[in-house]
Amino acid sequence: MTSAWNQHYAADDLLAMTDLWVVAIPNGFFRSELLDGELTGRYLRLKSMETLCFDKELIAVKTRIDTESRYRFLEQFYDGVLDRVRQRDIAAFLGITPQGLSRFKRRRASLNKG
């Protein structure tokens with residue numbers, strides 16, 4: 001969204017831990033549809049609002065100090081991804097080492113048993 005609106009690459013990068021689909025829309029079409037379009041514009045505005053709300057939640061989660069909150073976020077929104085993504089990538093999202101993730105998961109499993 002930032003790249004399209006400002007007509008240059010955004011400061012942050014798009015990073016995906018799983019396969020994804022990307023849709024490229026010419027800038028002029030994007031702008032005119034976003035501002036004035038009926039069906040396509042409504043869709044773009046809705047997706048923009050959803051993305052902004054999700055980004056706000058993601059920023060809040062990423063700035064929390066505790067690993068548990070960040071891991072619960074992944075479980076809530078990306079439960080299926082936790083089994084398919086490399087542990088080092090999950091650890092990087094959580095801001096811990098892969099070894100720290102292993103320890104965290106062991107402690108979490110033992111707490112859930114008892």
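Biologist: Is Arg108 buried or exposed?

Modeller: Burial is read from relative accessible area: under 20% is buried, over 50% is exposed, and values in between are partly exposed, with a 1.4 Å probe and protein chains only. Arg108, at 15%, is buried. This is a predicted model, in which local features need pLDDT of at least 70 and side-chain atom pairs count only at pLDDT 80 or more, while totals for chains, interfaces and linings use all residues. Residues are numbered from 1 along each chain as its sequence is written, and side-chain values use heavy atoms, with hydrogens and water left out.

Biologist: Which side chain meets Arg108 in a salt bridge?

Modeller: Side chains of opposite charge can pair when their charged atoms come close. A salt bridge here is a side-chain nitrogen of Lys or Arg within 4 Å of a carboxyl oxygen of Asp or Glu. The partner of Arg108 is Glu68, with 2.9 Å from N to O. Glu68 belongs to helix α4 and Arg108 to helix α7, so the pair ties together parts that are 40 residues apart in sequence. Glu68 is partly exposed, at 25% relative accessibility. Through shared partners, salt bridges join Glu68, Arg72, Glu75 and Arg108 into one network.

Biologist: How many salt bridges does the whole structure have?

Modeller: A search finds six. One of them links Lys47 and Glu50 at 2.9 Å, N to O. Both residues lie in helix α3 (residues 39-63), three residues apart, which is about one turn of the helix. Lys47 is partly exposed at 34%, and Glu50 is partly exposed at 39%. Glu38 also forms a salt bridge, with Arg42, the closest N and O atoms being 3.7 Å apart; Glu38 is exposed, at 58%.

Biologist: How many helices and strands are in the chain?

Modeller: Both are DSSP runs numbered from the N terminus: helices are H or I with at least four residues, strands are E with at least two. The chain has seven helices and zero strands.
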